[in-house]
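Let us walk through this structure in two steps. Start with the ligand site, then move to strand pairing.

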Amino acid sequence: MSPPPTLRLAVDGDAVAANWQALSGICADAAVGAAVKADAYGLGVDRVVPGLAAAGCRDFFVAHWSEAPAMLRHVDPAQLSVLHGPMTSAECEFARATGVRPVINSIEQARRWQAAGGGVCDLMVDTGMNRLGVRPEQLGDGAIAALDIDILMSHLACADEDSTMNEAQRLAFEPVCRAVAHRRSSLANSAGTVLGHAYHLDLARPGIALYGGVVRPELAELIRPTVQPQCAVIQVRTVPAGESISYGATYCANRAMRVGIVSLGYADGYLRCWSDIGAFHAGETRLPVLGRVTMDMTAIDLTAAPQIGEGDWVSAEYDLPEAARKTGLSQYELLTILGPRLRG
Ligand SMILES: *Cc1c(COP(=O)(O)O)cnc(C)c1O
């Protein structure tokens, strides 16, 4: 056992569950699942999935087969789908042995699944994203007809924008749902949930909004923040007027300054783009970042917080929509980049 860390990602599991409830309110006519790929977008499956399940979430989506075991500690295999689908017979065998559903993304995957013995699966149909999925004109193939499909899904390319693509994809998916036998249909990601009733179908599959992402203005009032990177001040120093701080000497003190060195850096996902523009908070007091963020440490201005000393903790300013505007990163990147030391 090592001593307690000097940084942590505070995760508000209640806020995640509340965000799921809010999306369930929007999709009152449909079920709402949860995309929990990439360790629940960096928040940690163990920290968010029990709360989502307790709130009533029944359908979970990961990208990789390697993500399934962590999920199976919390949910039934029949509640879990693997979006990348079966690329090898080993993956087919894993799916059949565990009962986790593969999402079939191509004729080849459909054949592979059937050859391995098949069973209930999901099917992704591509209606314009051109990432994974069977094209509508391929649906007549015998390998597709042989599938036993639970969730028939497609994925929106532009749901976070008012694009004509949204309606085009929805309309392209309608005949697919009529032509392919299935139990449940699914189209909307987080942004898709606010495009209207016609997009909800049987099941929505939000991810980012559960974790505090505001990917459309309609979600701003409904979605609560869920994460807060926090770290300790590991040293306090006085920087004399005229001296510079950190790599590249980009910041120069124009007066004697009380500076805190905090144990959070780009190796933790607090990227260098926060240099000179980021800030930390001690209660209500804002403590600006001074100079470049380094691998393990960042300098902050403690002038406004004389009470903060070595060993005290501060929180990074990390409001997702605001952080995305400031850094040019997407809200998805801002969450999933948060590193292993921070997650603990
Ligand atoms: C990631 C993903 C989602 C969730 O998308 P968000 O934009 O995070 O809500 C839904 N469906 C599929 C197929 C995905 O890959």
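A polar contact is a pair of N or O atoms within 3.5 Å; within protein, one must be able to donate a hydrogen and the other to accept it, and residues adjacent in sequence count only if both atoms are side-chain atoms. This is a predicted model: local features need pLDDT of at least 70, side-chain atom pairs count only at pLDDT 80 or more, and totals for chains, interfaces and linings use all residues. Residues are numbered from 1 along each chain as its sequence is written, and side-chain values use heavy atoms, with hydrogens and water left out.

Take the ligand's oxygen atoms. One is 2.6 Å from an N or O atom in the side chain of Tyr-41. A polar side-chain atom of Tyr-332 also lies 2.6 Å from a ligand oxygen. Ile-208 uses its backbone: an N or O atom there lies 2.8 Å from an oxygen atom of the ligand. Taken alone, the ligand exposes 390 Å². The protein buries 93% of that (Shrake-Rupley method, 1.4 Å probe).

Which residues come nearest to the ligand? They are Lys-37, Tyr-41, Ser-190, Gly-207 and Tyr-332, out of 14 around it (a heavy atom within 4 Å).

Now the strands, which are DSSP runs of E, at least two residues, numbered from the N terminus. Strands pair if DSSP finds at least two bridges between them. Strand β18 spans residues 313-316 and pairs with β11, residues 227-239, in the antiparallel sense over three bridges. There, Gln-230 stands opposite Ser-315 of β18. Strand β15, residues 279-282, also pairs with β18 in the antiparallel sense, over two bridges. Phe-280 has Ala-316 in β18 as its bridge partner.

Conventions:
Helices (H or I, at least four residues) and strands (E, at least two) are DSSP runs, numbered from the N terminus.
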